Amino acid sequence: VLVFLIFDLWILSFFVMVYPALFVYSSSIISETFFTVLLFVLFVVLKNIVKGDLHKNVHVLLSGFVFGFLIFFARFTRSFGVIILPAFILSGVFFYVLKRIHEPKAASNEDAAQGVVSIDKLSDNRWKIPKYLHRNLLYFILITSGVYFLFDFLAHALIYPPAGLYKTESYIRAFALFISRPWHTLSIVQNQLVTFFVSQFWILPFFFIRETYRSLRSRNYEDIISRFFLLFLLIGAFVLTVLHQIQVVERNNQYLLFSRYLDPIYVVLFVYSVRDFFHSLVSHSRHTVHAAWIAITAYLVWYLYFNFYYGWYKFGNNMPIYYLRVFKESLFNFALLVSLIGGMWYFFLQKKYQFVLIAFVILFTWHSYLSIIATRAVPRYVAKLYAPKLDMWQNSFKNGYSDTPLCVYKSEITHELYYLYHFQYPYQYLKKCDEFDKQKPKKIIVGLEHSNGLPVSCGVQFTFDSGESVYYCPLGIYETNRNNTLFQRGKVSSLGY
């Protein structure tokens with residue numbers, strides 16, 4: 001429904017319904033799916049606000065309040081939503097920069113009489129923007145930003161304590177590594193570019209860029225702002241994802257492939273791109289393809305076969321990305337992929353657009369089928385690869401206690417143990433004990449270095465081969481006697497003295 005509200009095309013709604021990156025998420029990371037819905041809501045609201053709700057000051061005020069709250073809510077849903085507001089502000093700034101660059105020295109008398117300021121397009125035609133939009137768009141951006149920071153302040157004060165979303169120092173260090181290790185960074189960037197082109201079926205970004213350029217040459221300014229917004233979202237998500245990979249990949253090389261942060265934006269971009277693809281084929285307008293675009297596509301297809309990272313399953317990552325193994329393990333599948341991509345470009349250059357469409361539908365259907373097969377295979381693959389550790393988690397819950405989920409006491413646990421808990425129990429999130437305000441779980445997991453600091457009533461139930469142990473504390477993590485004396489394993493301390 002949201003896709004239809006953006007483009008008035010039901011066929012796009014069908015394509016997004018069966019789009020692999022949207023419907024095959026792991027059950028433990030469903031927030032990405034809801035975050036994707038919120039992104040579509042943002043684009044629907046932004047399109048209608050810019051198109052018809054910036055005429056009067058009261059409309060600007062209400063629009064800024066609604067849009068600012070929606071951005072905050074998306075950010076509150078997914079921490080990675082921190083990029084939304086900067087992307088929105090940059091889209092407005094870029095719009096004003098282009099307006100300034102292409103503004104003519106003087107408007108015609110007819111335009112001046114109608115209250116319209118003309119802006120020279122990139123061609124001989126004229127790009128006309130209503131005069132009220134120049135001022136009210138700026139006010140809309142400022143009000144949106146103010147409302148966002150207001151709700152963010154209230155959320156920190158009333159809901160959760162103020163804390164940085166990302167540790168700034170770690171990202172500064174990641175940027176330093178980005179500069180100092182260019183070849184290492186290049187492999188991460190190339191892996192992400194491959195997943196990007198796969199998600200857009202290799203040729204769709206070309207049509208998105210062409211239609212964006214055409215929007216710059218037309219008076220469809222609401223479409224221009226929306227496309228700038230999407231572009232800056234994509235750039236911000238890509239950069240932050242790469243920096244996240246750089247800082248983590250040193251201790252966990254599974255992060256050489258990490259698409260989770262980008263997937264919601266890929267879905268929105270796919271809808272825009274496939275719409276531009278259909279529009280371009282139906283309009284039969286003059287098509288030109290730069291050799292550089294075909295060369296980039298050819299290089300990334302080659303990279304997919306020879307150098308792409310085919311590591312083991314990354315917990316929390318998008319499942320269908322692992323179907324890319326079939327192109328490495330089967331020469332037939334790789335040859336079919338090359339034939340479909342090359343065929344689409346060939347028929348496009350030959351202006352045989354019906355064959356381009358047929359090849360695209362085959363590629364889309366084939367990719368969707370492979371992703372479904374891969375998604376169904378992932379749980380079996382993980383269960384087989386990590387069978388001993390999964391058995392340990394099951395054995396740790398055999399004593400019949402119902403105090404779940406458990407919490408982590410003080411120290412961190414290994415990444416593998418953490419991810420496998422969520423694989424085994426998808427909706428029971430493993431948090432630190434300090435994050436529970438009142439009723440802390442009586443079942444806790446403790447690292448070896450903190451096992452001596454527990455109350456005397458706590459008894460060990462199970463010990464993992466990595467050193468962590470599961471304890472059951474019937475009286476809670478902390479227990480006191482009449483004299484307010486805290487009895488702990490290995491030490492006794494008096495409270496208040």
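**Notebook: helices, a surface patch and side-chain pairs**

**Entry 1. Helix α16**

I began just after α16, where Lys-351 takes a positive phi of about 60°. I noted for every entry here that the model is a predicted one.

I then turned to the helix itself. Helix α16 covers residues 331-349, 19 residues in total. From first C-alpha to last, α16 reaches 27 Å, close to the 27 Å expected at 1.5 Å a residue.

Which residues of α16 are buried? I listed Asn-333, Phe-334, Leu-337, Leu-340, Ile-341, Gly-343, Met-344, Trp-345 and Phe-348.

**Entry 2. The protein as a whole**

I looked up the overall figures before going on. The secondary structure comes to 19 helices and 9 strands. Of the 497 residues in the protein, 52% are buried.

Among contacts with a separation of 6 or more, 75% are between residues 24 or more positions apart. The protein exposes about 24500 Å², and carbon and sulfur atoms supply 63% of that area.

**Entry 3. Helix α10**

I compared the span of α10 with its expected value. Helix α10 (residues 182-199) has 18 residues and reaches 25 Å from its first C-alpha to its last, close to the 26 Å expected at 1.5 Å a residue.

I recorded the buried residues of α10, among them Thr-185, Ile-188, Val-189, Gln-190, Asn-191 and Gln-192. Val-194, Thr-195, Phe-196, Phe-197, Val-198 and Ser-199 of α10 are buried as well. After α10 comes Phe-201, and its phi is positive, near 55°.

**Entry 4. An aromatic pair between α10 and α13**

I looked up the aromatic pairs, and the count comes to 45. One of them is formed by Phe-196 and Tyr-266 and is tilted, with 5.7 Å from centre to centre and 50° between the planes. Phe-196 lies in helix α10 and Tyr-266 in helix α13, so the pair ties together parts that are 70 residues apart in sequence.

Are the two partners buried or exposed? Phe-196 counts as buried because its relative accessibility is 13%, under the 20% cut-off. Tyr-266 is buried too, with a relative accessible area of 2%.

**Entry 5. Salt bridges**

I found a count of 5 salt bridges. Side chains of opposite charge can pair when their charged atoms come close.

I examined α11 for the pair of Arg-214 and Glu-211. Their side chains meet in a salt bridge, 3.4 Å from N to O. Both residues lie in helix α11, 3 residues apart, about one turn of the helix. Arg-214 is partly exposed, with a relative accessible area of 27%, whereas Glu-211 counts as buried at 6%.

I moved on to Asp-276, which forms a salt bridge with Arg-227, the closest N and O atoms being 2.8 Å apart. This pair links distant parts of the chain, with Asp-276 in helix α13 and Arg-227 in helix α12 (residues 221-248), 49 residues apart. Asp-276 counts as buried at 0% relative accessibility, and Arg-227 counts as buried at 1%.

With which other residue does Asp-276 form a salt bridge? I found Arg-275, with the closest N and O atoms 3.3 Å apart. Arg-275 counts as partly exposed at 23% relative accessibility. I noted finally that Asp-223, Arg-227, Arg-275 and Asp-276 are linked in a network of salt bridges.

**Entry 6. A nonpolar surface patch**

Which helices each supply at least two residues of the patch? They are α4 (31-52), α5 (57-77) and α8 (131-158). The largest share, 4 residues, comes from α8.

Val-37 is found in helix α4. At 37% relative accessibility, Val-37 counts as partly exposed, because that class lies between the 20% limit for buried and the 50% limit for exposed.

Notes: Residues numbered from 1 in each chain as written. Predicted model: local features only at pLDDT ≥ 70, side-chain atom pairs only at ≥ 80, totals over all residues. Heavy atoms only, no water. Expected span 1.5 Å × (residues − 1). Buried < 20%, exposed > 50% of the residue type's maximum accessible area, 1.4 Å probe, protein only. Phe/Tyr/Trp six-rings, centres within 6.5 Å; stacked < 30°, edge-to-face > 60°. Contact = heavy atoms within 4.5 Å. Areas by Shrake-Rupley, 256 points an atom, 1.4 Å probe, with all protein chains shown as cover. Salt bridge = Lys/Arg side-chain N within 4 Å of Asp/Glu carboxyl O.
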